Amino acid sequence: MVNSVEETGLEVVDLRIDSAFAARNLHTRDIGMQMTGLQRLSRAMVENPDTILQELVKTAVDLCGADSAGISIETDNGNDQEFYHWIATAGAYSGFLNAILPREPSACGLCLERGHAQHFTVTKKFFDILGVEAPLVTDGILLPWKTEDTRGTIFVMAHGRTEAFDDNDARLMTMLADFAAMGYRQQKQQAQLIVQARAAAAAQMANHLAHEINNPLQSMTNAAFLVARGDPGSNPKALGQALSNDIERLSGIVRELLSLPLE
């Protein structure tokens with residue numbers, strides 16, 4: 001994978017060998033705020049799993065003093081031009097929620113390839129290649145995470161400061177990367193449970209409607225039998241009206257069946 005600042009506008013350095021980053025002075029962070037943020041994440045994991053990833057990037061902004069944060073995943077069956085999907089964003093990059101990025105050039109790709117935390121910056125060259133306008137990334141930390149079947153990254157960024165983050169922020173982001181993996185898996189499991197519940201409800205409704213169909217069908221069969229036999233005691237007008245009512249009722253039941261989800 002190409003990693004030339006001149007060619008891509010990206011500089012991505014493995015934090016394990018980034019001596020300049022390691023030498024930075026540590027920032028003073030509010031421990032109380034950090035604990036509150038982690039408590040929010042824990043509650044969201046249990047009570048609102050559908051919001052956990054968005055809560056996670058908001059917490060990353062707060063705890064690391066970042067200007068932006070985000071979470072990306074590799075898309076399923078994505079092509080080279082639609083390879084990374086930003087599934088959560090916060091801060092100055094909030095407007096890029098659901099953005100789709102190419103496989104290359106990509107800081108996310110380098111991070112996943114190396115499998116460790118990265119320090120990165122992004123110049124205007126990168127955005128020119130993508131054809132978008134966005135604040136430059138003057139300082140950033142990017143970490144990989146993965147579940148059984150999905151790989152992704154979580155990142156924090158500054159858009160003007162050159163030493164916004166330090167080793168403590170990198171350690172905190174390592175923990176948040178684990179939260180990202182757990183949160184994504186939790187969301188996926190929740191979605192599967194919802195689909196299963198809907199499928200079960202649809203099957204129950206279909207079974208009920210199938211029984212409902214039997215009544216107008218039986219009535220229509222009886223009417224057709226009387227007409228075919230030419231029963232002198234039958235009233236053709238009444239039979240016709242009853243048949244019309246049964247057809248209308250049957251059509252309504254069929255429409256309900258067709259509206260059920262295919263799952």
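**Rings and sulfurs**

Tutor: Start with a cluster: Trp 86, Tyr 93, Phe 96 and Phe 155 are linked by ring pairs. Keep in mind that this model is predicted.

Student: How many aromatic pairs does the structure hold?

Tutor: A pair of aromatic rings is described by the distance of the centres and the angle of the planes. The structure holds 7 such pairs. One of them joins Trp 86 and Phe 155, with 5.1 Å centre to centre and 55° between the planes, so the pair is tilted.

Student: Where in the chain do Trp 86 and Phe 155 lie?

Tutor: Trp 86 is in strand β3 (residues 84-91), and Phe 155 is in strand β7 (residues 151-158). They are 69 residues apart, so this pair links distant parts of the chain. Both Trp 86 and Phe 155 are buried.

Student: What kind of pair do Phe 126 and Phe 127 form?

Tutor: An edge-to-face one, at 5.5 Å centre to centre and 75° between the planes. Phe 126 has a relative accessible area of 7%, so Phe 126 is buried. Phe 127 is also at 7%, so Phe 127 counts as buried.

Student: Which residue lies over the face of Phe 83?

Tutor: Arg 103, at 3.8 Å from the ring centre.

Student: How many disulfides are found?

Tutor: A disulfide is a covalent bond between the sulfur atoms of two cysteines. A search of the whole structure finds 0. Take Cys 111: the nearest cysteine sulfur belongs to Cys 108, 7.3 Å away. The cut-off is 2.5 Å, so Cys 111 is in no disulfide.

Student: Is Cys 111 buried or exposed?

Tutor: Buried, because its relative accessible area is 0%. Cys 64 is buried too, at 0% relative accessibility.

Key:
Residues are numbered from 1 along each chain as its sequence is written. This is a predicted model: local features need pLDDT of at least 70, side-chain atom pairs count only at pLDDT 80 or more; totals for chains, interfaces and linings use all residues. Side-chain values use heavy atoms; hydrogens and water are left out. Rings of Phe, Tyr and Trp (its six-membered ring) pair if their centres lie within 6.5 Å; planes under 30 degrees apart count as stacked, over 60 as edge-to-face and the rest as tilted. Helices (H or I, at least four residues) and strands (E, at least two) are DSSP runs, numbered from the N terminus. Buried means under 20% relative accessible area, exposed over 50%, partly exposed in between (1.4 Å probe, protein chains only). A charge sits over a ring if NZ of Lys or CZ of Arg is within 6 Å of the ring centre and within 35 degrees of the ring normal.
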